[in-house]
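Have a look along with me.

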Amino acid sequence: MAKTALITGITGQDGAYLAKLLLEKGYRIYGFSRLQNPDLSNLKYLKIENQVEVKQGNLLSAKETKEKIADLKPQEIYNLSAQSSVDYSFRQPAETMTDNVNSVINLLEAIRQTDREIKFYQATSCEIYGQGNTLPITETSPLSPSSPYGVSKAAGHLLVGNYRQTYGLYCASGILFNHESPLRRPEFFIRRLIRTARNIRDGADEYLYLGQADNRRDFGWSPDYVEAMRLMLQQATPEDYIICSGRSVSIREIAEYVLTKFNLPTTRIKIDEKLFRSPNIPDLYGDPTKAREKLGWKYDKSFFEVLDILIEEELEHRL
């Protein structure tokens with residue numbers, strides 16, 4: 001009998017790729033959206049919009065969340081729903097905390113009260129780490145978030161661990177580092193960078209404005225990262241895993257590479273101190289050894305390979 005999975009945030013980048021992967025594995029897929037008429041463009045891009053059922057649901061309502069899970073009876077829940085912009089979290093910290101923490105506890109409580117056999121995946125973020133961490137980041141690194149978004153994700157991460165230990169639930173956090181794809185929203189940095197470069201190539205008098213350009217981050221490819229999510233819920237016992245490439249690249253290197261691919265001079269890069277973040281994290285990268293050894297997860301793309309894919313998609317489809 002086919003498994004049933006519920007994916008919150010199914011219309012986002014990771015939700016759409018995860019839905020496609022699980023459909024290929026024979027799952028029946030439900031999605032949650034708080035909107036009555038959600039944007040299905042990512043599902044349409046992957047040509048799966050007619051293969052999933054997207055239900056309207058408010059994860060901030062404990063009662064509604066419990067009722068929906070009792071009705072749908074999923075064997076697996078993947079919680080990818082969140083306010084996911086670090087920049088926005090600085091402008092709206094209270095909203096970020098409410099959205100990203102209450103949704104987690106409402107889902108965990110719904111599982112605890114309706115069916116404790118449901119397996120639960122929580123999308124955590126490398127933003128739960130920051131200043132003072134020894135590199136590379138591992139599953140035992142101390143939490144040290146430096147943004148309201150990071151704090152909200154750290155709270156959700158700790159809730160997962162508590163429900164696993166206290167109530168014996170099968171719940172696990174995937175601590176994902178930055179990962180991109182053509183489905184990433186245009187306002188996010190990498191997509192915005194590529195689109196600006198294309199605009200300059202097409203005649204626009206624009207520049208790539210960067211903050212702390214020599215900061216380094218660990219970037220990967222979303223379709224490969226969602227495979228790790230699936231694998232985490234297929235294990236005998238639940239554990240948390242770092243999912244990353246294991247190496248970092250500087251923001252300046254990324255910007256210069258993109259400009260070069262569009263045959264543009266690197267003088268189109270300008271540093272804008274208004275984009276500086278404090279506290280500043282000069283470098284952040286993880287160690288995926290545990291995921292490789294315990295999950296059998298494999299990842300071998302450089303981020304420049306990912307950029308090539310994204311640039312090709314931008315040129316072909318003008319995303």
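**Ground rules.** I am working with a predicted model, where local features need pLDDT of at least 70, side-chain atom pairs count only at pLDDT 80 or more, and totals for chains, interfaces and linings use all residues. Residues are numbered from 1 along each chain as its sequence is written, and side-chain values use heavy atoms, with hydrogens and water left out.

**Valine 86.** I found valine 86 in helix H4 (residues 86-91); helices are DSSP runs of H or I with at least four residues, strands are runs of E with at least two, and both are numbered from the N terminus. Is valine 86 buried or exposed? Valine 86 is buried, at 12% relative accessible area, where buried means under 20%, exposed over 50% and partly exposed in between (1.4 Å probe, protein chains only). I listed its contacts (heavy atoms within 4.5 Å): leaving out residues up to four places away in sequence, valine 86 touches Glu127, Ser147, Tyr149 and Arg277. I also checked serine 146, which is 60 residues from valine 86 in sequence and 9.8 Å away in space, C-alpha to C-alpha.

**Strand S5.** Next I looked up S5 (residues 119-125), where 6 of the 7 residues are buried. Pairing takes at least two DSSP bridges between two strands. S5 runs parallel to S4 (residues 76-79), with 4 bridges joining them, and asparagine 79 stands opposite glutamine 122 in S5. With S6 (residues 170-176), S5 pairs in the parallel sense over 7 bridges; here serine 125 stands opposite leucine 176.
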